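Thank you for making the time today.

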Amino acid sequence: DSVEGIMYGLNEGVVMTGTYVEEVEVNSAQVNNLGYWYKPWFFRHVQSFLKKGESVEYIPTLHFHQRHNKPCFWLTPLWLPWAENFIARFLIGWALPLNTQLLKLLKEHIGNEDHKDNFILQDFIVPINKLKDAVELSYEVADVWPIWMVPCRLDGHGGPETIQPHVRNTMYIDFGIYGHSETPRFKGRDETLHIFEQFTLKNKGYQGLYAETLLSLEDFEQMFHKEHYLKVRKSLPYCEEAFPDTYEKVSRIGRQRVM
């Protein structure tokens, strides 16, 4: 089962709930094979329900699992703005998704806009009671839409205190911001990232570590308790000598520290 939300603006969004069903329960008239190459991209399809209202669809499991692949959530239009219309989807939609690293490289070297400074690709995991504050903060400092939201269950499974979530017995929300900021309020990528990080830290949340972090080592260790991680590193022969720790991998400051 799943729950997912996409915000298209400060005051408009769509929440989707999904439940697995057996094939015999499916109404064939409501089947949407949204993974086919010519189909509208998922985030656009979802956006259409702002006008259509509530509805029910049956989506094959693989199509649902890969729903964000073709548009790379909503980043492909930034690099291939012509690829979204029906003719382009019908003729070359089968080629998507393209390699996003290649697309970013082409955009940086061929495009005219400053891709490096106003592009945001970050996820923050915050307690659900802070979600409204997070949306409002994102509007104030970045104004990037859509915003992706999915619930996260953080559970220490009865383990030691150091692996328990900062806030117990609450739902966390993964809050994803992907795209270019065009607002004059934007203070630059690093300053904006710092604002998001401090908001997340203050509200006992977590940052997605697939992306860059500007947290200081002290703030990083406040957000991510490292006692058991460091204990495991010390227990493995030559681990500390051979491999950087997590902070050195994901932090610009950490990488400079080991150079």
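Which residue with a positive phi follows H9? That residue is Lys 204, whose phi lies near 60°. Please keep in mind throughout that what we are looking at is a predicted model.

Let me stay with H9 for a moment. Helix H9 covers residues 189-202, and its 14 residues reach 20 Å from the first C-alpha to the last, which is close to the 20 Å expected at 1.5 Å a residue. Several of its residues are buried, namely Thr 192, Leu 193, Phe 196, Glu 197, Phe 199, Thr 200 and Leu 201. As for what covers these buried residues, the list includes strands S3 (119-127), S5 (172-180) and S6 (206-207), together with helices H8 (131-141) and H10 (217-223).

Now to the sheet. Six strands make up an open sheet with antiparallel pairing, and their order is S2-S1-S4-S5-S3-S6. S2 and S6 are the edge strands, each pairing on one side only. H8 packs on this sheet, where it touches S1, S3, S4 and S5, and its direction makes about 10° with that of S5. H9 packs on the sheet as well, touching S3, S5 and S6, with a direction that makes about 5° with that of S3.

Within the sheet, S1 (residues 2-9) and S2 (residues 12-18) run antiparallel and are joined by seven bridges, and these two strands form a hairpin with two residues between them. Ile 6, for example, has Val 14 in S2 as its bridge partner. Further along, S4 (residues 147-152) and S5 are also antiparallel, with six bridges joining them, and here Ile 147 stands opposite Ile 177 in S5.

Returning to Phe 196 of H9, and leaving aside residues up to four places away in sequence, its contacts are Phe 124, Leu 137, Ser 138, Val 141, Ala 142 and Ile 177.

Conventions. Residues numbered from 1 in each chain as written. Predicted model: local features only at pLDDT ≥ 70, side-chain atom pairs only at ≥ 80, totals over all residues. Heavy atoms only, no water. Pairing = 2+ DSSP bridges. Helix = DSSP H or I, 4+ residues; strand = E, 2+ residues; numbered from the N terminus. Expected span 1.5 Å × (residues − 1). Buried < 20%, exposed > 50% of the residue type's maximum accessible area, 1.4 Å probe, protein only. Contact = heavy atoms within 4.5 Å. Axes fitted to C-alpha atoms, helices over the stretch in contact; angles between N-to-C directions.
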